[in-house]
Protein chains: 2
Amino acid sequence: MERTLDQQLTKIRQKLLRMGGLVEQMIDQAVQGLLQRDSVYADKVPEQDQEVDHLEMEIDELCMTVLVRNQPTAVDLRFLVAVMKINNDLERMGDSAVNIVQSVVQLNEEPPLKPYIDLPRMSSQVQEMVHDSLDAFVSRDAELARQVLGSDDAIDGLYKQIFRELLTFMIEDPKSVSRALHLLLIARNLERIADHATNIAEDVIYYVEGRDVRHSMESQTAAAGS
Amino acid sequence: MERTLDQQLTKIRQKLLRMGGLVEQMIDQAVQGLLQRDSVYADKVPEQDQEVDHLEMEIDELCMTVLVRNQPTAVDLRFLVAVMKINNDLERMGDSAVNIVQSVVQLNEEPPLKPYIDLPRMSSQVQEMVHDSLDAFVSRDAELARQVLGSDDAIDGLYKQIFRELLTFMIEDPKSVSRALHLLLIARNLERIADHATNIAEDVIYYVEGRDVRHSMESQTAAAGS
């Protein structure tokens with residue numbers, strides 16, 4: 001039996017949310033593995049990444065089927081295009097979580113370089129951005145999406161700070177180089193995850209309001225106001 | 001006057017190719033700035049990036065207009081979805097070129113760390129992947145796209161080699177840390193550009209054959225055979 005358009009869109013939304021939930025879990029487990037210095041937390045991340053990859057393809061296929069069969073217009077079409085973009089960003093967030101886990105496993109085999117201060121701050125802010133961007137999608141909340149855009153600059157600032165500090169470590173103590181480099185890669189991956197959350201927020205605004213705010217003054221201003 | 005579907009698709013194809021040409025130029029200028037140790041080569045890259053950002057939005061809007069007005073099916077629909085994905089990958093390649101330029105400018109202010117050997121090899125292979133992926137799109141050549149998939153593993157291998165070498169530099173000579181780190185970031189950005197070329201190649205196969213080869217054994221085997 002042919003499903004109605006609404007049923008199809010609901011199914012797609014649910015799958016995307018399952019994927020979003022999984023990616024949030026992956027990021028959290030990678031971060032816990034780092035902060036608790038226990039790689040067990042991050043054990044399941046590579047496996048979950050396979051499920052995420054699978055969901056990405058499934059969601060794209062569902063979207064294509066609806067585009068072909070139902071030829072949706074206006075908000076439904078914007079919804080589908082937004083889903084295909086968000087889908088892609090979530091998959092890349094999953095990859096970043098896997099990258100973080102690879103560094104975490106290496107780090108946990110050596111004594112800690114120093115007490116982490118900025119990294120926990122950065123990771124909790126990034127996780128909040130991811131959560132809010134998905135929340136904005138579910139509740140079609142363009143205002144919440146704009147708040148996410150406004151957070152990205154703070155993350156870039158934290159990343160630069162962490163970068164400078166780790167650079168100093170590496171210069172002052174050759175024994176710290178390998179660990180500092182892994183911490184740097186983790187910070188870089190967190191910064192990328194924040195970028196993807198920003199992309200999702202832009203897609204939500206486009207889906208809800210039909211306006212493309214990428215590379216716009218609005219996007220810049222929101223960011224500068226953070 | 002309403003344009004025909006074919007006219008619209010031709011216009012979209014041309015815009016995407018202009019964007020692809022620009023991104024290829026940006027990458028080349030960034031790489032020349034590095035290899036010739038002359039930042040002048042890379043001067044125009046940030047400006048070109050703005051044009052790329054603009055084209056990205058224009059192309060997405062054109063695709064949406066065609067989706068709404070013409071409700072294309074089969075290969076035309078696959079073309080449009082592929083274009084929207086390729087569009088996104090090209091824009092991110094442009095961002096990576098800008099990142100490379102930022103590191104190049106820093107590096108050119110200091111004496112060279114060492115003669116570059118692997119970086120020129122890596123950059124010319126990456127540029128070839130980018131060129132081939134766009135060529136495969138223009139000529140609807142799924143075989144050429146498969147060759148691009150097959151090159152990605154070699155790039156990952158080069159990246160790991162460069163990473164190890166630079167790590168050794170940093171550990172042995174604290175004065176090298178900052179320069180080695182910039183070289184590492186450049187290699188990382190080249191590796192990302194190769195990832196985006198791989199994505200484009202996958203989109204070309206999907207567009208031409210209607211098959212999704214992402215995360216598949218085919219994609220793995222092609223990669224392993226390189």
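A residue counts as buried under 20% relative accessible area, as exposed over 50%, and as partly exposed in between (1.4 Å probe, protein chains only). Asp89(B) is buried, because its relative accessible area is 2%. The model is predicted, so local features need pLDDT of at least 70 and side-chain atom pairs count only at pLDDT 80 or more, while totals for chains, interfaces and linings use all residues. Residues are numbered from 1 along each chain as its sequence is written, chains are lettered from A and ligands numbered from 1 in the order in which they are written, and side-chain values use heavy atoms, with hydrogens and water left out.

Asp89(B) belongs to helix α3 (residues 74-107) of chain B; helices are DSSP runs (H or I, at least four residues), numbered from the N terminus. Leaving aside residues up to four places away in sequence, Asp89(B) touches Arg92(A), His196(B), Asn199(B), Ile200(B) and Asp203(B), where contact means heavy atoms within 4.5 Å.

The contact between the chains takes 37 residues from chain A and 37 residues from chain B. About 3300 Å² is buried between them, 61% of it from carbon and sulfur atoms; buried area is the accessible area (1.4 Å probe) that two parts lose on being put together, summed over both. In chain A, Met57(A), Arg92(A) and His215(A) lose the most area to chain B, together 16% of what that side buries.

Eight salt bridges are found across the interface of chain A and chain B, each a side-chain nitrogen of Lys or Arg within 4 Å of a carboxyl oxygen of Asp or Glu. The side chains of Arg214(B) and Glu56(A) form a salt bridge (3.1 Å, N to O).

Notes:
Helices (H or I, at least four residues) and strands (E, at least two) are DSSP runs, numbered from the N terminus.
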